[in-house]
Amino acid sequence: MPDRTICLCYRKIIDASSTRPWDKLVWDDSYAEFRLQAQNFNPENRYRSFGEILHYVPGAERLHFLVSGAVTGYVQQLNERMPDILNNLGRHFLRFERFQFELINSDLQDKSKHQVAINFVSTPLRWHDTVGQLLLVSEAAAVPAAGEMLTHLVQLQPFLSIYSIQTPEPHAPANAG
Amino acid sequence: MERKHFLKSLLLGAASTPVLLSACGKDTVSPTSGTSTTSGTTGTTGTTSGSGSCTVAPTETEGPFPTKTPASYVRSNITDGKTGYALTITITVNNSNASCAALAGALVDIWHCDAEGNYSEYGGTGMQATNYQSVHFLRGRQVTNAAGQVTFTSIFPGWYSGRATHIHVHVYSATGTSLKVTQIAFPEGSGTAVAAVNGYAKGLSGYTSNASDNVFSDGVALELATVTGSTLAGFQLAWALAVPA
């Protein structure tokens, strides 16, 4: 089978137990923005949890988008480098150009219930092989030098998934070798 | 299927907030080397995600070092590259609990549609034909000064079916408590800015007047802004409101 091109997705969960500086900034600021924006959908303070607001108020799913404005500055500070996911040498190696912010849970009166996720989608990778629990991949944009392609081994792990896959068309010469 | 079409179809159906720093299309991938790591984060992998698997620990120079960053809304110029006739929006907030004295330190959020009548919002609402997935264009937040004023640089809003030209406003206290959610209405008829802009590309055929608008039809005296200027020189909008603070 010819090599397939994939994008990996890492769903980074941030909640009250997050301790690293970047995570805490995202957690604090997304909670503050949630408390502001939720008032657009909860004028009489009838609901206190994000789940209730989402369930009862039409259009409240816009809160994902509205709160995301609080975290875009932090995502830009990552300089397109995907956090946390390492190759088997212990180095960060994935790049992302797209992300998707989501509110998971929150509570207007209990910050400890605030939980969000940022879904990072990697730039395209060529998936060459699978070695045990490890995927052998290379940058899809990379050009082999003298027939040699530099690769990474990345472990399958919770919250890491294959976001999209593209199989080369049979007549396409790319990736044939 | 072409990759960009595939991704587009995914994005159109997405339930939350995809943001394209740039497209993931096959033609726009920025080349990166296979061993591009010069800095990384400290800590262990997956501690916050409950990972139970055994993976290698990071073995890298520490970094990056995040800095406190305000929400992307906090800015005066909210155009984000959207084209249209320039519009300077000045809003004055007074305190109705203090003899209408200027209210300093209040947060003022505004948002409005672009020249075509579209908002920066993900997903289809059924009211809009175009989907904008990413940036928070034409949305801004400022804090009122000692005179109770905030100023935004933007473009003249377009219009969409069922609504007169308007700008959304949400005023919060300094501590973030909602004080007022309202909308700014525009004068209409011959000689007004709405007539001069003429609905941009789609004209004013089918336009909803203030009198027929279901938000403004109960009277626009308090919502109506003063709008001066021209398409050539740009427009200035001034509006004041009183909130109980």
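Hi everyone, thanks for making time. Please keep in mind throughout that we are looking at a prediction. I'll start with chain A, then turn to chain B.

Chain A has 4 helices and 7 strands. Reading from the N terminus, the order is β-α-α-α-α-β-β-β-β-β-β. How spread out is chain A? Its radius of gyration is 20 Å, while the globule rule gives 16 Å for 177 residues, so chain A is more spread out than a compact globule. If you like to think in boxes, the C-alpha atoms of chain A fill one of roughly 65 × 35 × 30 Å along the principal axes.

For contacts in chain A with a separation of 6 or more, 59% come from residues 24 or more positions apart.

Now have a look at helix α1 of chain A. α1(A) is 17 residues long and spans 24 Å from its first C-alpha to its last, close to the 24 Å expected at 1.5 Å a residue. Is α1(A) enclosed or open? Of its 17 residues, 13 are buried, so the rest of the structure largely encloses this helix.

As a general point, nonpolar side chains in soluble globular proteins tend to be buried together. Here, the largest nonpolar core has 46 residues, and those touching the most other members are Leu8(A), Cys9(A), Tyr10(A), Ile85(A), Phe99(A), Phe120(A) and Val121(A). Which elements of chain A supply at least two residues each to this core? They are β1 (4-14), α1 (21-37), α2 (50-56), α3 (62-68), β2 (96-105), β3 (115-122), β5 (134-139) and β7. Apart from that core there is another one, with 43 residues, including Ile91(B), Val93(B), Cys113(B) and Val194(B).

Let me zoom in on Leu8(A) for a moment. Leaving aside residues up to four places away in sequence, Leu8(A) touches Leu94(A), Ser122(A), Leu125(A), Leu160(A), Ile162(A) and Tyr163(A).

For a contrast, go to Pro170(A), in the segment after β7 (160-166) of chain A. Buried or exposed? Pro170(A) has 6 other C-beta atoms within 10 Å, and the cut-off for exposed is 12 or fewer, so Pro170(A) counts as exposed.

On to chain B. This chain has 2 helices and 10 strands, running α-β-β-β-β-β-β-β-β-α-β-β from the N terminus. Buried residues account for 34% of its 245 residues. When we take contacts in chain B between residues at least 6 apart in sequence, 68% join residues at least 24 apart.

The piece I'd like you to look at in chain B is an open sheet. Its 4 strands are ordered β5-β4-β7-β8, with antiparallel pairing. Which strands stand at the edges? They are β5 (139-143) and β8 (178-185) of chain B; each has a single partner strand, so one side of each lacks a neighbour in the sheet. From one strand to the next, the twist averages 20 degrees.

Within this sheet, strand β4 (residues 107-111) of chain B pairs with strand β7 (residues 166-172) of chain B in the antiparallel sense, over 5 bridges. One bridge to find on your screen joins Ile110(B) to Val169(B) in β7(B).

How values were computed
Residues are numbered from 1 along each chain as its sequence is written. Chains are lettered from A and ligands numbered from 1 in the order in which they are written. This is a predicted model: local features need pLDDT of at least 70, side-chain atom pairs count only at pLDDT 80 or more; totals for chains, interfaces and linings use all residues. Two strands pair if DSSP finds at least two bridges between them. Axes are lines fitted to C-alpha atoms, for helices over the stretch in contact, and angles run from 0 to 180 degrees between N-to-C directions. A residue is buried if 20 or more other C-beta atoms lie within 10 Å of its own, exposed if 12 or fewer, and partly exposed in between; C-beta atoms are placed from the backbone. Two residues are in contact if their C-beta atoms, placed from the backbone, lie within 7 Å. A nonpolar core is a set of buried Ala, Val, Leu, Ile, Met, Phe, Trp, Tyr and Cys residues joined through C-beta atoms within 7 Å. The radius of gyration is taken over C-alpha atoms; the globule rule is 2.2 Å times the number of residues to the power 0.38. The expected span of a helix is 1.5 Å times one less than its number of residues.
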